[in-house]
Amino acid sequence: MDFLLGWRVFPLLTLLASFLFFFYMKTSSKPSNSECSLLPHDRFWILSNNIVTPTGVISGAVEVRGGNIISVVNKENQQWKIKSNVVDYGDAVVMPGLIDVHAHIDEPGRTEWEGFSSGTKAAAAGGVTTLIDMPLNSYPSTVSEETLKLKVDAAEDKIYVDVGFWGGLVPDNAFNRSALEGLLKAGVLGLKSFMCPSGINDFPMTNASHIKEGLNVLAKYKRPLLVHAEVELDSESDSEASDGINDVRSYSTYLKTRPPSWEAAAIRELLAVTKDTRTGGPSEGSHVHIVHLSDTRASLDMIKGAKSSGDSLSVETCPHYLAFSSEEIQDGDTRMKCSPPIRDSANRERLWDALTEGHIDMLSSDHSPTVPELKRFDEGDFLKAWGGISSLQYVLPVTWSYGRKYGITLNQLASWWSERPAKLAGQDLKGSIVSGSHADIVVWEPDTEFELDDNHTAYHKNPSISAYMGKRLSGKVLATFVRGNLVYKEGQHAPVACGVPILAK
């Protein structure tokens, strides 16, 4: 009987196995490792004499398997037994991949400015393994479940690095708890708001009341609110702009239209709300992150005070504020226009001090591209030109090149660009070279110099608009691994874009 029963069941098992195989083939859309990676191994070892770990720089090896870091072994360890699938980078630096929490990719709607394919190719070539896309400059802006879906759909099969998404806090959704919760449940990693006009019609500015409502919702989900902290003070900016040089080709004219007092006023207003984020406060669990700080006078002092009082608060600045000063900007060079503006050299020195002393928590690119005609190169009009610095591919060598003067270390670089951004974005498996983390790794040569000229391969959609063109930098990226896939190697990208959209759960 058992024998007969077995023969009756066997055809059913065969049919079931065939169905499962067919189902797997239909639903498994991830390309093979050979298509996703320039390295034909799922398990391998990365060797270097300069591996940046949370406890310091070691000489040793990183074991990678199935997209994750399995072990990190010091060369002096007795477990040093590596026999096959070895990638030896010698003295090159092996560091956690950069996480850029502030990038405008502009797709859908403005792919002529930038798109997911060009933007993430540039990211990979610059050692950025994860970027978080801002909710504006694309069209429509990411302010609802529906517009988030448009973003995610637009990114499908185009991203060479992992990409997460911030949502927008705007007046239309600030007092609509169900709308905000819907956006958060759909997967945005947090919200972003402007305290001044953004320049984008479908992303209007918010006030303290909107921000307070947003924080109350964010507290439940323990996700951050990112804030562009400038408040227009019309009477002051108008009087300063009319006092002195009025040549629209002069950077000083633009600088006077956005004085440091704008940042200070916004931060003062914002800190009245961040008190609610303290332990026991009505918004406990939420967090405020001030983006692209440029003012180091009153603004920085207020931030220090709020942190010491227990406010859940962090702050970033950007490489262009650390690299350039207003005195150096030539007439008509609208590549340098951004908001807040690049300030004077004394301010730049104080920014470096604040960063190295830990008062500024992290760095971001604020990659904000556009098309050349909107930069108005022919006119050189700083008041009419689009504001934004295009920089995504260059942030690692820029930070290193300008930071060496201040004695920055590889571990500081990893903290500013990887560890702390990972924490802000809620990415526990990213940001450090430790066992169990994603194998997101950049390999680069700190002493190799190169010119950003027409012969340098740039992957941004419009490389000519970058403020860094014409600069000589040190810190050449050799290789970038995303979840164990070698997605970039010295001028070559993997055949297929296998980055993963990151959606909060």
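Which residue of β14 is the bridge partner of T317? The legends below answer this and describe further close-up views.

The model is a predicted one, in which local features require pLDDT of at least 70 and side-chain atom pairs count only at pLDDT 80 or more, whereas totals for chains, interfaces and linings use all residues. Numbering starts from 1 along each chain as its sequence is written, and side-chain values rest on heavy atoms, with hydrogens and water left out.

**View 1. The open sheet of 6 strands, ordered β9-β10-β11-β12-β13-β14, has parallel pairing.** Helices (H or I, at least four residues) and strands (E, at least two) are DSSP runs numbered from the N terminus, and two strands pair if DSSP finds at least two bridges between them. The edges are formed by β9 (167-168) and β14 (362-363); each has a single partner strand, so one side of each is left without a neighbour in the sheet. Strand β13 (residues 313-317) runs parallel to β14 and is joined to it by 2 bridges. Within β14, L363 is the bridge partner of T317. Helix α10 (residues 260-274) lies across β11 (224-228), β12 (287-290) and β13, and runs at about 165° to β12. Such angles are taken between N-to-C directions, from 0 to 180 degrees, with axes fitted as lines to C-alpha atoms, for helices over the stretch in contact; contact means heavy atoms within 4.5 Å.

**View 2. A second open sheet has 4 strands in the order β6-β7-β8-β19, with parallel pairing.** Its edge strands, β6 (98-103) and β19 (501-502), each pair on one side only. Strands β7 (residues 128-133) and β8 (residues 162-165) run parallel and are joined by 4 bridges. T130 has D162 in β8 as its bridge partner. Packed on this sheet is helix α3 (residues 116-125), which touches β7 and β8 and whose direction makes about 140° with that of β7.

**View 3. Strands β2 and β3 form a hairpin with 2 residues between the strands.** The pairing of β2 (residues 56-65) with β3 (residues 68-74) is antiparallel and extends over 6 bridges. Opposite A61 stands V73 in β3. In this hairpin, G66 adopts a positive phi near 60°.

**View 4. Y251, Y254 and F382 are linked into a cluster by ring pairs.** The structure contains 11 aromatic pairs. The ring centres of Y251 and Y254 are 5.9 Å apart and the planes stand at 65°, so this pair is edge-to-face. Rings of Phe, Tyr and Trp (its six-membered ring) pair if their centres lie within 6.5 Å; planes under 30 degrees apart count as stacked, over 60 as edge-to-face and the rest as tilted. Both tyrosines, Y251 and Y254, belong to helix α9 (residues 251-257), where they are 3 residues apart, about one turn of the helix. Y251 counts as buried at 2% relative accessibility, and Y254 counts as buried at 4%. Buried means under 20% relative accessible area, exposed over 50% and partly exposed in between (1.4 Å probe, protein chains only). Y251 also forms an edge-to-face pair with F382, at 5.4 Å centre to centre and 80° between the planes. This pair links distant parts of the chain, 131 residues apart: Y251 in helix α9 and F382 in the loop between β14 and α14 (395-403). F382, at 0% relative accessibility, counts as buried.
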